[in-house]
Every structure is written in structure tokens, then in C-alpha cells.
Amino acid sequence: MKHHKRPGRGTGAVAATLACLLLASCSAGSTATGGSAGKNSLNIGLTAEPANFDFTKTEGAAIPQALLYNVYETLVKLDQSGKIRPQLATSWSLSKDRRTYTFHLVKNATFSNGARFTAEDAKFSIERVTTDWTLVQKTQMDVVDTVRAVSPTELKVTLKRPSNDWLYRMTTRIGAMFSRTGVSKLATEPVGTGPYVVKNWNRGDSITLARRHGYWARTPHFASVTLKYFKDPTAMNNALLTGTINVIGQMQSPESLYRFQNNSKYKVIEGTTNGEVVLSLNNGSGPMKNPKARQAVRYAIDHKALMDTCWAGRGKLIGSMVPPTDPWYQNLTDLYPYDRDKAKKLVEESGEAGRTLRLRIPTLPYATACGTVVKSQLEQAGFKVKLDQLEFPAAWLTTVFKNADYDMSIIGHVEPRDMQTVFGNEKSYIRYDNPEFRALLAKADQGTREQQITDMRAAARLVSKDAAADWLFLLPNLMVADKDITGLPVNSVSESLDLTGLGRS
Amino acid sequence: MIVRLVQRIGILLASLVVSSVLVFAFMAVLPGDPARVALGTSASDSAVAQLREQFGLDRSLVAQYFSWIHGLVTFDPGDSYISHAPIGPQLADRLQVTLWLVGTGMVIACVLALPVGTLMAVRHRKPSGLILSALSQVGVAVPAFLAGILLITVFAVGLGWLPANGWTPPVQDPVLFLKQLVMPALSLGIVQAAVLTRYVRSAVLDVLREDYLRTARAKGLRPTRALLRHGLRNAAVPVVTVLALQLATLLVGSVVIERVFVIPGLGSLLLDSVANRDLIVVQDVVMIIAMAVLLVNFLVDMVYLLIDPRLRGGAS
């Protein structure tokens with residue numbers, strides 16, 4: 001019997017598979033992750049990836065974080081100290097009746113599609129907010145009565161009533177300037193006047209912004225900036241440690257800061273944000289409708305211990321809905337200082353001791369970290385608490401945010417100056433309904449700057465005194481970067497991760 | 001042979017139809033309205049209703065099912081609910097990344113497991129065989145993601161030899177591509193190798209006890225030669241079956257490994273789309289994975305025919 005040596009069929013199959021893979025790889029070109037960045041480029045690690053590029057129709061902080069001030073510009077811009085500064089408007093003036101703003105626009109700005117930026121584009125962009133946007137923020141434009149392009153470089157905006165808030169909102173995404181010929185594919189091809197254009201988007205991985213030729217103002221230092229998105233905080237830390245990224249834009253695991261703090265290769269930046277981590281209480285129904293029960297909750301929480309446990313002691317205790325970078329900030333933590341005995345007494349007086357509180361938290365790092373601490377602190381004060389984790393965003397948004405089917409929740413409200421949207425609307429999920437509070441906000445908006453500050457302070461105190469919610473802490477702006485990176489913002493005051501001022505020493 | 005082939009193709013098609021119905025049904029009962037999630041917290045009910053109409057979510061489930069299948073069959077699955085970008089190119093792109101990962105993982109598993117498993121069987125009573133056997137048990141117990149984290153800690157963060165995570169297409173930078181591929185492929189491959197080794201060992205052990213092998217030895221062949229010539233092909237049938245099952249495990253395992261190593265493959269796409277309730281993408285990804293598994297099983301049946309001539313006799 002003669003044995004023929006046959007080629008192994010198994011080997012053949014493996015070889016065929018490999019051949020397929022090799023063929024496939026030829027076109028596997030569009031999913032790339034930049035390696036270590038060169039001198040002229042920068043890789044920044046971030047957490048939430050935009051779902052698309054259209055922030056006129058898509059909620060969330062991720063899109064303006066990447067695009068605002070970098071790809072899109074506004075007439076006026078917010079600086080690090082929270083002051084409003086010129087951008088596409090070189091100057092502006094306010095009429096005596098405080099209703100008409102006259103903006104003088106820059107002459108030489110162009111959009112990335114080649115079109116010139118004129119007052120007509122500004123008019124188009126402002127009017128478009130009311131007609132085409134779908135976000136809740138669009139209502140901030142309702143106060144606008146008429147918009148007139150007096151000349152290519154002069155724009156007059158008349159408001160229905162005086163509004164301090166309107167000019168501030170023009171520094172946010174609703175103030176972004178769009179080209180009249182560049183809004184057909186906002187979700188995939190953004191067109192702005194900014195120093196950067198979107199060069200490449202590898203979905204699920206990174207967005208690369210490239211410096212634009214012919215930008216009207218000072219060219220930014222980095223020719224190319226890649227925003228790389230990490231779901232896992234440890235993976236992001238490792239990426240910086242191994243040189244894949246140069247900056248951790250948002251540190252999501254403050255307990256691991258020690259890996260960078262004692263290392264001369266890195267610098268750690270710690271400041272404040274607009275992100276109030278709120279223990280939301282359902283003021284509309286259930287046990288938390290009872291003011292005494294809400295007050296008991298506020299006395300029952302030991303904020304210092306909580307922040308130490310769940311966010312490694314990083315952050316700031318504020319006691320209200322106002323971060324320190326707003327002009328009307330005041331420390332209100334002493335309104336309800338931690339007092340367990342008082343909390344216990346209030347729980348008994350409220351008559352809610354026997355009812356089970358549904359603490360329904362989203363699956364977000366700070367919420368899951370704080371949820372168990374809140375539960376145990378409340379139970380020590382005599383509450384019964386049931387902790388549910390709801391998948392974020394889908395399940396949490398539907399159950400808590402839309403249907404208000406909850407008693408308590410924990411969520412970071414990261415939008416700037418959001419006291420109005422969260423507490424000034426009785427239909428918001430917190431269901432806080434206080435006409436006096438709303439009157440104060442309205443007065444603050446129309447008055448002079450001094451009146452605005454006084455009234456906003458009064459409003460913040462009122463909502464805190466009513467125990468409409470509990471403010472656990474303010475999220476810190478924690479960044480870690482290679483030592484030579486300059487220009488990183490200490491405080492995160494705007495919706496944008498402003499790349500224009502970054503450099504390398 | 002032909003009868004058997006037609007039979008198998010029939011089974012493949014039927015399984016594809018059944019799995020597509022299952023995938024679609026599971027997506028339909030998932031809580032969370034995709035239109036609401038796409039528009040966010042603040043959208044008015046009318047805006048949500050409008051978007052539902054635009055996506056076709058207001059149609060009957062049967063109509064939605066058939067339009068989905070039509071999209072898949074014509075290779076035009078439409079646009080994502082969330083990103084508004086066409087899904088087809090995205091799927092193709094992600095699939096290639098995952099194929100690299102799974103393919104390399106599989107090769108590593110085979111290259112390690114076939115010789116080691118055979119060695120373990122041949123030396124199953126000797127200390128070296130026992131040690132290998134114990135090591136493979138440890139490998140079976142370690143999940144791939146843990147292997148991944150350990151590899152990162154040692155070789156990326158500790159020694160700094162390899163990048164901790166990321167992905168670069170081979171055409172762009174072949175060296176970086178290989179560097180980034182090593183650890184994820186190893187984490188998938190080593191664990192699968194451990195499992196596979198156990199099967200190779202027992203398959204070879206079974207064969208070693210067969211009469212035909214004793215006959216071959218009696219003819220004067222040395223043990224190794226006898227095994228290589230007469231044993232391995234017989235041992236291959238059960239091993240190929242396990243390989244097919246493992247390919248499915250690898251595809252699913254890559255979901256976790258892609259997350260650990262920040263690789264933009266099919267698995268990351270699946271997780272992100274689930275979180276965003278981008279149901280149309282979830283549906284497509286799950287269907288692709290199901291198709292891949294069914295296809296592999298089909299191919300394995302074909303491979304049986306190649307390995308074992310006795311099976312070629314048809315339905316008889």
C-alpha cells in the first residue's frame with residue numbers, strides 16, 4: 001500500500017482564510033488610529049463620541065465639545081474667566097432700551113466651503129435656530145424679534161424684551177454661524193468659519209481636525225488634532241502612559257491620578273466645570289413631593305465623605321445650581337449642613353419613613369460610584385432606598401427624564417447656566433413648580449447686570465432652600481497632559497474644547 | 001455528494017431565515033424608542049413622531065422586517081438612525097478589522113494547540129505531558145479580557161514594548177499595525193489555544209488506541225510516523241468541529257477584546273449602537289455575526305467531506 005502525501009486540507013482552509021483577510025485588508029483603510037503624534041499634531045483622549053456632527057438636531061455635549069470654536073465660530077465667545085469676548089463680531093453695542101444689539105462683523109472671514117461670511121449668513125444662522133433646530137436650547141432664541149443685515153459687516157438684532165441671557169447664549173452652540181450654502185449635510189459635513197475642518201472621522205474611534213488654509217484670524221499651533229474616544233478610563237490612561245495620546249481631556253477615573261501626579265513627564269490640571277452632579281428629587285409625585293422628606297435628604301447627605309468616596313475627593317461642594325465661574329456664584333453648602341439626627345427627625349415628621357424610595361441612576365461612572373454611598377447615607381437617616389441602575393442613555397432618558405417615573409436619581413447637568421432649564425420649567429423631570437423662582441429668573445434676565453447678579457443669587461438660594469434637589473458636588477475639570485503641552489484651559493467654562501490656544505513649549 | 005451539498009445549502013438558508021426573524025423580534029421588544037433617543041431628551045412628541053415616520057418605524061412590524069431584509073440582500077442597509085451616515089461602508093470597514101483580529105487569533109490558536117495537544121496526547125503519562133495539561137487548564141480558566149489586561153500591564157505599561165491600545169490599518173503603517181495587533185490577537189488566541197489543546201489531546205488519544213494504528217506500528221512504522229500518516233486525519237474530524245464552535249466564540253469574544261484594546265471593529269460598533277439604540281445597526285451587526293457562524297458551520301460540513309471520504313457517499 002502506497003501512501004500519498006496529500007496537502008493537508010486544514011492547512012488549505014487556513015491559507016484560504018488568510019488570503020481573504022489579506023485581500024480585505026487592502027481596503028481596510030478608513031479605520032485608523034493615529035499612533036504617537038508628531039511635533040505638529042496632537043492626540044487628545046475624550047470620553048463621549050459624537051453620534052453625528054449636527055448639533056442643531058442632536059443633543060448632548062459631545063458635538064459642540066469637538067466642533068464649537070474649532071470648526072464653527074460664534075459672533076461672541078466666552079473666555080476663561082467667563083467674560084464675553086469678540087470673535088466674528090469685532091465689537092457690539094446695546095441700544096438705550098436694552099433691546100437692540102448692533103454687531104460689527106469681521107471683513108475677511110470665509111467658510112470652509114469657500115463662501116464669504118457676511119451679515120446675511122449671521123441673519124440666516126440666527127433665524128434658522130427657530131425654524132430648523134429641534135433641541136430644547138432653540139427656545140433661547142425665542143426672545144429675538146427681528147434680525148437685519150444692515151451691510152455685509154453690520155448686523156442689528158432686536159429682542160422682544162431686554163435679555164442678558166441672550167448675548168451669553170450667543171457664545172454657545174445656538175450662536176454658531178452657518179453658511180447659507182453649507183447646511184445640506186450638517187450631520188456628516190460641517191461647514192464653518194473656524195480654524196479647523198473635519199478631515200477624517202473613524203466612527204467608534206477618532207475624529208481628526210486639520211488646520212484650514214486661509215483662516216481669517218491667527219492660525220492655531222497644531223496642524224492636525226485627533227480627538228480619540230475611549231469608553232474605558234483605564235484604556236485612556238494607558239494610552240497616555242504609552243504615548244498614543246498626548247492629553248487626557250476628561251479624566252474619568254480620578255482615583256488613578258496618582259499614576260501621573262508623581263511623574264515628571266506629565267502635568268495634571270485641576271479646575272472647575274459647569275457639571276453639577278445633582279441628586280434629583282421628584283418634586284411632583286411620590287415621597288419626595290413632601291418638603292420635609294426633601295429637607296431630610298439634604299441633611300442626611302455627608303457631601304464631603306461622599307465626594308471623597310466616589311470621586312476621590314476631587315471636585316467642589318457647591319450646594320446650589322451655580323458653578324464658581326458664573327458671576328452670581330455663592331457657596332450655599334451651609335444651608336443644609338450634614339446633620340444625621342436632624343435628618344432622622346425630619347424623616348419621622350414627614351411620615352415617609354415606611355415608603356421605599358426608588359433611586360434610579362444612569363449607568364455613568366460618577367452616578368454608579370455615588371449611588372451606593374447615597375443609598376447607605378439615606379438608610380442611616382431612616383429612609384428605605386431601592387437602587388436601580390438604568391442603562392444610559394436610552395433607558396434612563398425614557399424612564400427618568402421623559403416619564404419622571406422615579407423618586408430620586410443622580411445625573412450631572414453639564415450644560416452651562418442650566419438653572420432655568422432644570423428648575424425653571426415645571427414640566428422638567430424634577431417637576432419643581434415655584435412661580436416666585438420663575439419670576440426671579442425673568443427679572444434677572446431683563447435687569448441691569450447688577451440686578452441680574454442679585455436676582456440670580458436670590459433664585460439659586462430659593463431653589464436650594466426649597467430642597468428641590470441636592471447638589472452632591474461639582475465635577476472637576478481634570479486633565480492630564482504631556483509636560484510640554486501649553487494652553488490647556490484650567491476651568492471648563494464653555495461647551496467647547498477650544499483647541500485654538502493649544503501649543504507645545 | 002451533490003445531494004448532501006444541496007441538503008446543506010437548504011439547511012443554511014433555512015437557518016438564516018429563522019435567525020433573521022429572531023434577531024428582528026428581539027430588537028422589536030427592546031425597551032427604548034430609537035426615535036426618542038436619536039432626538040434626545042428635549043424633543044417634542046411631534047418631532048419624535050415625524051422621525052418615526054422618516055425611519056419607517058410607524059409601519060407594521062412585518063413591513064419593517066421585509067424592508068430590512070430587502071436592504072440586506074441588496075447590500076444597501078440604509079442610513080443609521082443616529083449618525084445619518086450610510087451603514088453599508090461602516091459595516092464593511094468594521095468587519096475587516098474584526099476579521100483580522102479573529103483570523104489572527106485563530107491562527108495563533110491552531111499553531112499553538114495542534115502541536116502542543118498532540119504532544120500532550122503522545123506523552124500523556126509522562127511529566128512533560130502532565131505539566132502541559134495543567135498549563136492548558138489554567139489557560140481555559142482565564143477569560144480573554146483578563147489575559148488582555150495582563151498583557152497590557154506587562155508589555156505596554158510596564159515594559160513599553162507595545163502600544164497599549166489602538167488600531168492602524170495595515171496599508172497605512174504595517175509596522176504599527178502589527179504592533180497593535182499582537183496583544184489583542186494573543187489574548188484571543190492563547191485562551192482559545194488552551195481550549196483547543198484539550199480537544200486535540202483527547203482526539204489524538206482516541207486515535208492512538210485504534211486498531212489501525214496498531215497495525216501500522218506492526219508494519220514497522222515508528223510511532224510518530226504512524227500517527228502522522230494514519231492518525232491525524234482521523235483525529236481531525238472532532239477537532240474541526242470544535243474549531244468551528246471556537247470561531248463563533250472568537251467572534252463574540254472579540255466584542256470584549258475590542259473594548260479593552262479600543263479597536264474599532266464589529267464588536268465596538270455593536271456595543272455603541274446598543275447604547276445609542278441605533279437599532280438598525282444593531283440588527284445588521286447581530287445578523288452579520290449570525291451569518292458568519294452559520295456560514296462557518298456550513299463550511300465545516302464541507303470540510304468533513306474533504307477529510308473523511310466515507311461521508312461522501314451521500315445521504316445513504
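The model is predicted. Chain A contains 14 helices and 18 strands. Along its principal axes, the C-alpha trace of chain A spans about 95 × 80 × 45 Å.

How does the radius of gyration of chain A agree with that of a compact globule, and which numbers are involved? A compact globule with 505 residues would have a radius of gyration near 23 Å, and chain A has 26 Å, which agrees.

Next come the inside and the outside of the chain. A residue counts as buried when its relative accessible area is under 20%. Of the 505 residues in chain A, 56% are buried. The accessible surface of the chain is about 19900 Å², and carbon and sulfur atoms account for 51% of that surface.

Contacts show which parts of the sequence meet. Among contacts in chain A with a separation of 6 or more, 70% are between residues 24 or more positions apart.

Charge is another property to follow. Chain A carries 64 positive and 48 negative side chains. The centres of these two sets lie 6 Å apart.

Now turn to chain B. The contact takes 19 residues from domain 1 of chain B and 18 residues from domain 2 of chain B.

Key. Residues are numbered from 1 along each chain as its sequence is written. Chains are lettered from A and ligands numbered from 1 in the order in which they are written. Side-chain values use heavy atoms; hydrogens and water are left out. Helices (H or I, at least four residues) and strands (E, at least two) are DSSP runs, numbered from the N terminus. The radius of gyration is taken over C-alpha atoms; the globule rule is 2.2 Å times the number of residues to the power 0.38. Buried means under 20% relative accessible area, exposed over 50%, partly exposed in between (1.4 Å probe, protein chains only). Contact means heavy atoms within 4.5 Å. Accessible areas come from the Shrake-Rupley method with a 1.4 Å probe; for residues, only the protein chains shown count as cover. Lys and Arg count as positive and Asp and Glu as negative; His and the chain ends are not counted. The place of a charge is taken as NZ of Lys, CZ of Arg, CG of Asp or CD of Glu.
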